[in-house]
Amino acid sequence: MHQTDQELNEYLDNESADRAALESHLSACDECAARLSTLQNLFAELDSLPELALTKSLAAPFIPRPSLVPQLPRWLTLTAFLQAAAALVALTVAIPFVSTMLPQIETPSFTNLFIQLQTQWSALLDMLSTFHFPELEPLSLPIMEMSTLLIALAVVSIFWIFGNGLLLRNQNRN
Amino acid sequence: MNAPTDRDLILRARRGDSEAYGELVTRYQTGVFNVCYRILHNRGDAEDLAQETFIRAYDRLHTFDLEREFSPWIRRVAANLCLNHLDSHKPSAMLDEERDEDKTQSPGEQVEVKERSEQIRAALASLPSHYRIVVELRHYQDLSYDEIAAELQLPLSDVKSHLFRARKLLAEKLHAPD
């Protein structure tokens, strides 16, 4: 009498009650040995299934995002404090001085500024249109007034602060 | 310096050190993902369920017996979650065809392994969910019949019959003449 599929499965799963009797039968029965061999092949195929790699880390939600400040070297942090202190001192000194100058500065209205820029642009275009290379004359740059200079400095400062903000934001993300 | 043991990491995680738990996740995430993938056969679902496994396990970490291994425990949590997922969701029509790679083999052998692995995964995915889970617990998590019965709260006779029928179906699919 042959072994049942259940008995062969139990044998390969090490759950067989009487292994010795089954092994004795298998050594004498080619048909049962062949069925066991087929089942063993299936076991081997299932057990050899390779592991797949993850495309993302699952640990991210559990690892706190490092803050920007601890990443900065100590000397840079100190420099930042020194810079802030220096800026405060400079402001304290500069404010009374600037306040005496402010009434003297004639702040141009936006329209005046626009007309001024347009005039300068037209003058530049005229100059370029009449430009002859062999008869090159020294260019006379438009004289920059104090107010224009202040506005330009303010614009540059805004760009600088904005640019630094972007840089810091990117660093913080990383 | 020696790497901290799982036990150390679990104790730290229990005290609220989520970074320690992150280290545990890094150690076992591939194994857990593969449990989910073998049962679900869909990468997106498997990654979501693997993530969910670690979140649930974090909440239940105080119930974990420190005298036991973490890996079998977390893999069993994953298998149970996947089983619940299968029970509550219809089978996804979008089953993946993953590519298994082994750099030590020649290109010809790699193609052969990939194709065979895909056939095995597809055959596993085609099994009814209650068959799939017993195959996972027996073949990939090395649980005994009694342990599977206890885990799935099934009679021992059901575990045996599910396993034998699952293997019969797998053999028919994998060894069928082309």
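How are α4(B) and α6(B) oriented to each other: roughly parallel or roughly antiparallel? The views below come from a predicted model, in which local features need pLDDT of at least 70, side-chain atom pairs count only at pLDDT 80 or more, and totals for chains, interfaces and linings use all residues. Residues are numbered from 1 along each chain as its sequence is written, while chains are lettered from A and ligands numbered from 1 in the order in which they are written.

**View 1. Helices α4 and α6 of chain B pack at an angle of about 170°.** The axes of α4(B), residues 70-88, and α6(B) are 10 Å apart; axes are lines fitted to C-alpha atoms, for helices over the stretch in contact, and angles run from 0 to 180 degrees between N-to-C directions. The two helices are therefore roughly antiparallel, a label for angles over 145 degrees. Ala79(B), Leu83(B), Leu86(B) and Asp87(B) of α4(B) meet Ser129(B), Ile133(B), Glu136(B) and Leu137(B) of α6(B). Here, contact means that C-beta atoms, placed from the backbone, lie within 7 Å. Sorted by class, this contact has five nonpolar, one polar and two charged residues. Ala, Val, Leu, Ile, Met, Phe, Trp, Tyr, Cys and Pro count as nonpolar, Asp, Glu, Lys and Arg as charged, and the others, Gly among them, as polar.

**View 2. Chain B is built with eight helices and zero strands.** Helices (H or I, at least four residues) and strands (E, at least two) are DSSP runs, numbered from the N terminus. Buried residues (20 or more other C-beta atoms within 10 Å of their own, with C-beta atoms placed from the backbone) make up 33% of the 178 residues in this chain.

**View 3. The largest nonpolar core has 45 residues.** Such a core is a set of buried Ala, Val, Leu, Ile, Met, Phe, Trp, Tyr and Cys residues joined through C-beta atoms within 7 Å. Look for Cys36(B), Ala78(B) and Val134(B), which touch the most other members. Helix α2(B) gives the most to this core, with twelve residues.

**View 4. Chain B meets chain A through 31 residues of chain B and 23 residues of chain A.** On the chain B side, α2(B) brings the largest share, eleven residues. That side has 13 nonpolar, ten polar and eight charged residues.

**View 5. Chain B averages a pLDDT of 87.** This score is the predictor's confidence in each residue, from 0 to 100, and 88% of the residues in chain B score at least 70. For the complex, the predictor gives an ipTM of 0.79 and a pTM of 0.63.

Conventions. Contact = placed C-beta atoms within 7 Å. Buried ≥ 20, exposed ≤ 12 C-beta atoms within 10 Å, placed from the backbone. Parallel < 35°, antiparallel > 145°, perpendicular 65-115°, else oblique.
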